[in-house]
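Subject: Structure handover, charged side chains

Hello,

Please find the structure below, with notes after it.

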Amino acid sequence: MWKSGDDTKSTQGAVLKSNPIVFMPAYTQMVYALRCIKENEPFQVDEYYELEDGDRIAIRNILKIRKLDTSMEWKDYIKNKGYDEPAAFSAQAVFTVYQNAVDKTNTDLVRFLKAASGHVQTVERNVLSKCLE
């Protein structure tokens, strides 16, 4: 059970979480990891990318918005950084490409599902197993 709170803690089996607190370290570590891949540098577990103050503030402001879909705020942030706006996502379009593909294993849908499955296995192997010790 997930509830919004000021920090992350367990209370009688429920997990209270705060996206701004949990998201920022995960985001900065992900950016650092992607830079390591791009630059062919070794990844260090306890290293994080140092965001500029303006980026940190902009991201925190998006995370503080309490609505179901903040995709427009993220798109605005991306455009303000000088990047092209991400294409609109269409689950139906992704599925149609999959349906029409001769080699279904080489589609975005199958690649995503394999990556998601691998992620779950990694979490189970590296995180949950340590929690259950």
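The model is predicted, so local features need pLDDT of at least 70 and side-chain atom pairs count only at pLDDT 80 or more, while totals for chains, interfaces and linings use all residues. Residues are numbered from 1 along each chain as its sequence is written, and side-chain values use heavy atoms, with hydrogens and water left out.

Salt bridges

The whole structure holds five salt bridges (a side-chain nitrogen of Lys or Arg within 4 Å of a carboxyl oxygen of Asp or Glu).

- Lysine 67 pairs with glutamate 73 at 2.8 Å, N to O. Lysine 67 is partly exposed at 44%, and glutamate 73 is partly exposed at 21%.
- Glutamate 50 pairs with arginine 56 at 4.0 Å, N to O. Glutamate 50 is exposed at 63%, whereas arginine 56 is buried at 18%.
- Aspartate 108 pairs with arginine 111, with the closest N and O atoms 2.6 Å apart. Both lie in helix H5 (residues 108-131), three residues apart, about one turn of the helix. Helices are DSSP runs of H or I, at least four residues, numbered from the N terminus.

Lysine 75

Lysine 75 sits in helix H3 (residues 71-80). Lysine 75 is buried but has no salt bridge, and the nearest side chain of opposite charge, glutamate 85, is 4.0 Å away (Lys and Arg count as positive, Asp and Glu as negative; His and the chain ends are not counted).

Regards

Note on methods
Helix = DSSP H or I, 4+ residues; strand = E, 2+ residues; numbered from the N terminus. Buried < 20%, exposed > 50% of the residue type's maximum accessible area, 1.4 Å probe, protein only.
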